[in-house]
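Subject: Structure handover

Hello,

Here is the structure I said I would pass on. Please open it beside this email and follow along as you read.

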Amino acid sequence: MGETEGKKDEADYKRLQTFPLVRHSDMPEEMRVETMELCVTACEKFSNNNELPPTRLPPTSLVSLQSAAKMIKETMDKKFGSSWHVVIGEGFGFEITHEVKNLLYLYFGGTLAVCVWKCS
């Protein structure tokens, strides 16, 4: 019985880790949902050991994070106009100037943070 409970807890943990947790957003609801879906898609598409701490990430994983950021930026530029910026990673702080109603900061996969903002 303990083994079954352990598997259930592990499945619940994995499900929670794949759900994006929005820390801050001032985007309109429709834009926020589209951006969240884009971030999740990009992170999943280019995931390659993203669960490791940044000091242990192999060089291919860093390239994967860069590829995910590039995909998000290019898609946002096409959908919502130019001058979008994207940062993806773990353990970073930031202070930015952004246009009103054009900021999304979320966590995905537990500790992987994604910050998307527009500044022209």
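What follows goes through the sheet, the helix across it, the cores, the aromatic rings and the cysteines. Please keep in mind that this is a predicted model.

The sheet

Start with the strands. Four of them make up an open sheet, in the order S1-S3-S4-S2, with antiparallel pairing. Which strands stand at the edges? They are S1 (21-25) and S2 (84-89); each has a single partner strand, so one side of each has no neighbour in the sheet. On average, neighbouring strands are turned by 15 degrees against each other, direction ignored.

S4 (residues 112-118) is joined to S2 by six bridges, and the two run antiparallel. Along this pairing, tryptophan 84 has lysine 118 of S4 as its bridge partner, and isoleucine 88 stands opposite valine 114 in S4. S3 is also joined to S4 by six bridges, again antiparallel. Here tyrosine 105 stands opposite cysteine 115 in S4. S3 and S4 form a hairpin with three residues between the strands, in which glycine 109 takes a positive phi near 70 degrees.

How many residues of S4 are buried? Seven of its seven residues are, so the strand counts as mostly covered. Both of its faces are covered: Leu112, Val114, Val116 and Lys118 are buried on one side, and Ala113, Cys115 and Trp117 on the other.

The helix across the sheet

Helix H2 (residues 29-45) lies across S1, S2, S3 (103-108) and S4, and runs at about 40 degrees to S3. Threonine 35 is a residue of H2. Is threonine 35 buried or exposed? Its relative accessibility is 0%, so threonine 35 counts as buried. Not counting residues up to four places away in sequence, threonine 35 touches Met27, Met76, Phe80, Leu104 and Val116.

The nonpolar cores

The largest nonpolar core has 22 residues. Ile72, Met76, Ile88, Leu106, Val114 and Val116 have the most contacts inside it. Two or more residues each come from H2, helix H3 (59-80), S2, S3 and S4. H2 gives the most to this core, with seven residues.

Which residues is isoleucine 72 in contact with, leaving aside its neighbours within four places in sequence? They are Leu38, Cys39, Ala42, Val86, Ile88, Val114 and Val116. Another core, of five residues, lies apart from the largest one, and Leu103, Tyr105, Cys115 and Trp117 are among its members.

The aromatic rings

The structure holds four aromatic pairs. One of them is formed by phenylalanine 92 and phenylalanine 94: the ring centres are 6.1 Å apart and the planes are at 40 degrees, so this pair is tilted. Phenylalanine 92 is partly exposed, with a relative accessible area of 26%, and phenylalanine 94 is partly exposed at 34% relative accessibility.

Tyrosine 105 and tyrosine 107 form a tilted pair, with 5.6 Å from centre to centre and 55 degrees between the planes. Tyrosine 105 is buried, with a relative accessible area of 13%, whereas tyrosine 107 counts as partly exposed at 25% relative accessibility. Phe92, Phe94, Tyr105 and Tyr107 form one aromatic cluster.

The cysteines

In general, a disulfide is a covalent bond between the sulfur atoms of two cysteines. How many disulfides are there here? The count comes to zero. Cysteine 39 is in no disulfide, and the nearest cysteine sulfur, in cysteine 43, is 6.4 Å away. Cysteine 39 is buried, with a relative accessible area of 1%, and cysteine 43 counts as buried at 2% relative accessibility.

Regards

Notes: Residues numbered from 1 in each chain as written. Predicted model: local features only at pLDDT ≥ 70, side-chain atom pairs only at ≥ 80, totals over all residues. Heavy atoms only, no water. Pairing = 2+ DSSP bridges. Helix = DSSP H or I, 4+ residues; strand = E, 2+ residues; numbered from the N terminus. Axes fitted to C-alpha atoms, helices over the stretch in contact; angles between N-to-C directions. Contact = heavy atoms within 4.5 Å. Core = buried A, V, L, I, M, F, W, Y, C linked by side-chain atoms within 4.5 Å. Buried < 20%, exposed > 50% of the residue type's maximum accessible area, 1.4 Å probe, protein only. Phe/Tyr/Trp six-rings, centres within 6.5 Å; stacked < 30°, edge-to-face > 60°. Disulfide = S-S within 2.5 Å.
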